[in-house]
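Take a look at the model below. We will go through a few of its helices and then turn to a strand.

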Amino acid sequence: MSLESLLNTLSDGKFHSGDNLGRNLGVSRTAIWKQLKKIEALGIPLTSITGKGYCIEGGLDLLNKEVIHANMTAQASQLVSTLDVIGVVDSTNTLAMKKAMKGSSGYVCTAERQTAGRGRRGRNWSSPYGGNIYLSVVWEFAAGAASLDGLSLLVGVVVVDALVKAGLEDVQLKWPNDVLHQRRKLAGILLEVTGDVAGPCQVVIGIGLNVNMPDFASKKIDQPWTDVNSILDDSISRSQLLALLLNELMPKLKEFERTGFAPFRDRWQELDAFSEKEVKLIFGHESIVGREIGVDNKGAILIQTKKGVESFSGGEVSLRNV
Ligand code: BTN
């Protein structure tokens, strides 16, 4: 019996006795007990009550490859070369970086849990089992790193547009690519580049989207956050949402390859949570304060200061509300 089949049975959120589990899965109670320990070790809260058995309270919405494929458009499916749906991984971005090589465009991986999920600026990304979406996509850009300006902002737009299709409202972006709902973080994006900086390079696009964040995992998050299913009246499955993300992302990557960020700039600005607001930009020990007036065609942020309009780009800059 695999751990997956036990998790599948328990994913309904109901109580199952050790005897029944053993009988249905064709193994001894001891074997079940050993697997239950593994489930606990994954960080999944398991309730056990004498006489009733075992239950994962609230159930688990596990990823389902068939459901993902069934909900993908023909256009997106064509652009996905491989879809790896994994149980536990250190980080889907780390895995995708290993797969990223010439001709690897369209490699996609997603996992139930990341043990070392990575956020921007060296932060940790909370990745509990079965809770959220952890997705990485490899795409190759023939023109090299110079053609990637604004790509991370485009991915922000893509995530918002997928969420709109899922029925969410009031989703906005914070430069460069934090996805917010009423100023709480809903998703984060981490881009990593490998290959030849001057020639063809591969980009790993990592998306972490909070869907059903369990209480125990949320305690470690050090910023205001929210998740999709506490916003929606009718909850959506992670597999359906993942397909919506790929449906938006894959064709847009192809388009971006041709056009760059410029055609997506207006949409980004429409979604900008800090448009015309007083903001502080922090880079290392330095900072400037000014009015945020949008982004340029390369995705750099434009700040109106006493000196005039200044533009800033780059990974180490962070934006705060004043
Ligand atoms: C951020 O700090 O806002 C970016 C978070 C990116 C998290 C995603 S989850 C999938 C992929 N794998 C990782 O280790 N990180 C990214």
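Angles of 65 to 115 degrees count as roughly perpendicular, under 35 as roughly parallel, over 145 as roughly antiparallel, and the rest as oblique. This is a predicted model, where local features need pLDDT of at least 70 and side-chain atom pairs count only at pLDDT 80 or more. Residues are numbered from 1 along each chain, and side-chain values use heavy atoms.

Start with two helices. Helix α1 spans residues 3-10 and helix α3 spans residues 29-41; their axes come within 10 Å and cross at roughly 80 degrees. Axes here are lines fitted to C-alpha atoms over the stretch in contact, and angles run from 0 to 180 degrees between N-to-C directions. Helices α1 and α3 are therefore roughly perpendicular to each other. Which residues meet? From α1 come L3, L6, L7 and L10; from α3 come I32, Q35, L36, K38 and I39.

Now move to helix α2, residues 18-25. Here G18, L21 and G22 are buried (under 20% relative accessible area, while exposed means over 50%, with a 1.4 Å probe and protein chains only). These three cover an arc of only 95 degrees around the axis, so they lie on the same side of α2. The arc is taken from the directions from the helix axis to the C-beta atoms. The face turned away from the buried side carries the exposed residues R23 and N24. After α2 comes G26, with a positive phi near 70 degrees.

Finally, find T110 in strand β4, residues 107-114. T110 is buried, with a relative accessible area of 0%.

How values were computed. Helices (H or I, at least four residues) and strands (E, at least two) are DSSP runs, numbered from the N terminus. Contact means heavy atoms within 4.5 Å.
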